[in-house]
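Reader: I am new to this structure and would like to learn how to read it. Could you take me through a few features, giving the general idea and then the case at hand?

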Amino acid sequence: MATDLVFAIESLGVTASRRVYFFARGKAPSWDSDSAWVESCWMGWPGEVASTISFGDGSSSIGGMTLDVNAQALTQQGSTVASMLYNQTRVSVASLVAPAINTTDQTIVLDSTSLAGSMVVIGRECIKMGTHAGGGTYNTCLRGQLSTMAQTHGVAETDYKAVFDATKGPILRWRRVYLYRVDLDAATSYSDLELLWSGVIYGVTAPVPNQIRIEADAMISVMERMSICNNLWRGRVRQSQSSENQPSESRAYLAHGPITGLDGTADDALFSVDGDMVIDTNPDDFGSQYTVRIKDQHIYRVLDSGDAVQTLPDSPKEIWQMHHASANSAASTSSLPFSSNLLTLMIQLLTTTAVSGDNGAYDVGVADLGLAIPQGSVDIAGITRVRASFGELLDQELLLLGLDGDPVDVLTYLQAKLLPYGIVICDQSGTIGVAVLSDNDPGAPTLTQASGDILGPASTPSRSAPSQIRRMDLSTDAYSASFRAVPGVEPVTDTFTDTTRRQINIYGDRQAPELDMLGVKERSLVARVVTGLIQRLHEDIPQISLTVLRTRTDITLGSLVAVTHDKIYKPTGGTRGVTDELMLCIERTLHLDSNTLDLVLLDVGALYTRSGVIAPSCVVDSWSDPTLTVEADYAAGGFQSNSLNSLTPNDTSAFLAADIVQHCDQYGVKIQQLTIATIPTSTTMTFTSTPSPAPAAGDILRMEAYTSCVARQTAKFAFLADSSGTLGSDAGKEWTFP
């Protein structure tokens, strides 16, 4: 197999065909009809791409990339690499004039009439100018070219209106870089390139005269350098004079805008008073200056909890705007208030730009409230899948942004909030995503010694045999959690302990790690989350290191994989040899020179040997004797509890002939028991007896109770215990969460 590595840089490319350049080690393939291949320009081979996650502190890392290219190498159009990457001369060709343009406008007006067909840059967006329609007007302009993102561009005095030649000295700082592998024997187009890594440029140097070095950091590093709530509206507070008809009150005076409320105006904004109380009131607008009344009736009581209530400070000094993330009932997630679901909030904070809609369905359109990371650089699909598996557990009633008036470091903030749930922000195939501390996936991919996926001493060249250690440093039997952070009231701090394990610590108690659950009001919910985390981490989880084929691209950070190998010790007996042992990937190193993948896996399946999913169900679409038709999938309104499992893409996928099921009405009240005879298609099934009464549209079909199910069902699915804590005649079993 002929393989090659290529990389591409946002905003650099062939302007005639609008194709981003691919800097390659070898010759251009025959399908490079756009002449985008920059041939044989590499001077150095990048060594590896390493990424790690830690469920102990919520941290993650992914290595940067150094790419060395020949400064005098030529594009197929004759330009040198040096002229593209080291030229600092920017050529202004025009200015944008009224009207302003949004992300979809194809008519653009400039103060130049000679740019038809030219590629230009406005801000950080490349645009191919369309046909000249007279004056400075150009029609059918093509937006977001050369992998850039279409943006809104204004024409006000404070807007950036300069238009530059895209072929001369582009701005490379923080431009995105993509590293690809391509199988030149199998590929037929650019779409066949396999993304290995993505990041952003932070330096371009020339260490020797004929070499250009591109230094790039991983995409997730962008979060480390950015914060929000940097320009909060602020005002001083002073006491007004009282009169017979008007009692005294505190007011904030002479603070300058803008104030951005939930509807884009100041009318429904929230304000923090000295960081001790939140005010919900309409400010009086006096031409970009505001006064805000501070009275008892203005206190935002939504944030109170039981006997923890907000009170007016005796002598308030300062006030500023802040934000409460609450349930977003709007049809779109691209509107304020921010969502109180932690993973929805994460996508909103990452993708929000200055104008709503510029950057996808989660862009709320407030410049000071988002990082403006292109939505294509965020693993939105993966994050939303994880969000669905947690349900409402991630919703936070007291999630506040800017309460203390300080800028919010987004990465640090989200890491702390997600850690109690076993969620870590990390790299996912070159995008910003999440990994979850989980130990249950019946559809986990397999790694077996016999298949040759796991490399060892007999490999060519030989590799080290799998090694393992017991991660005693990860073992935790107690956590301290702070919750119920009502403004002006000290949060509740409680310690949750596995008392049985604590008795082993003969040298005294180790300080319990602290968890930030300040956004949660109820102790019962905190206990549910924290005890689940302790249950996973209270034992010394074995850690396995092994080398596999690079082609195992299905194993990413947070992936569960079923490992079979005769040289790995089994933790529950100390004997050598494991079969389909569930392990969680926490470290992944791709070696580009040796074409291998080093993995570090946590043997999370060591203590939880049974894997199962919640018993599935589906919704009846219609009944025509003898065939029942059900809704196709969860998206169509089904109750398919296992819809996240790739092995059961349809509602009927989890059922087999001979399974015993319940026919229930739309409210879940059992009508009758049925036995499946056949499942002819992905949406139909028949039964061994004719249902009576006949199923109606909207009815539910689900697994029968544990004691009535066949052996296959009780072995594969998880069932709720009865009121005695038993499953039929079996004792109730502990299950990890979620």
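Author: At the start of helix 3 in this predicted model, a side-chain oxygen of Asn341 reaches to within 3.1 Å of the backbone nitrogen of Leu343.

Reader: Are the residues of helix 3 buried or exposed?

Author: Helix 3 is mostly covered, with 10 of its 10 residues buried; among them are Leu342, Thr344, Gln348 and Thr351.

Reader: At what angle do helix 3 and helix 4 pack, and how far apart are their axes?

Author: In general, two packed helices are described by the angle between their axes and by the distance between the axes. Here helix 3 (residues 342-351) and helix 4 (residues 380-390) pack at about 160 degrees, with their axes 9 Å apart. Because an angle over 145 degrees counts as roughly antiparallel, helix 3 is roughly antiparallel to helix 4, and the crossing of the two is left-handed.

Reader: Which residues of helix 3 and helix 4 meet?

Author: An α-helix has 3.6 residues a turn, so residues three or four places apart point the same way. From helix 3, Leu343, Thr344, Met346 and Ile347 meet Ile380, Ile383, Thr384, Val386 and Arg387 of helix 4. The residues of this contact comprise 6 nonpolar, 2 polar and 1 charged.

Reader: What is found in the loop between helix 3 and helix 4?

Author: Thr353 is found in that loop, and it counts as buried because its relative accessibility is 9%, where the cut-off is under 20%. A polar atom of the Thr353 side chain lies 3.1 Å from the backbone oxygen of Val355. Leaving aside residues up to four places away in sequence, Thr353 touches several others, including Asp358, Asp363 and Ala372.

Definitions and conventions. Residues numbered from 1 in each chain as written. Predicted model: local features only at pLDDT ≥ 70, side-chain atom pairs only at ≥ 80, totals over all residues. Heavy atoms only, no water. Axes fitted to C-alpha atoms, helices over the stretch in contact; angles between N-to-C directions. Helix = DSSP H or I, 4+ residues; strand = E, 2+ residues; numbered from the N terminus. Parallel < 35°, antiparallel > 145°, perpendicular 65-115°, else oblique. Left-handed = near helix turned anticlockwise from the far one by under 90°. Contact = heavy atoms within 4.5 Å. Nonpolar A, V, L, I, M, F, W, Y, C, P; charged D, E, K, R; others polar. Buried < 20%, exposed > 50% of the residue type's maximum accessible area, 1.4 Å probe, protein only. Polar contact = N/O pair within 3.5 Å; in protein donor to acceptor, adjacent residues only side chain to side chain.
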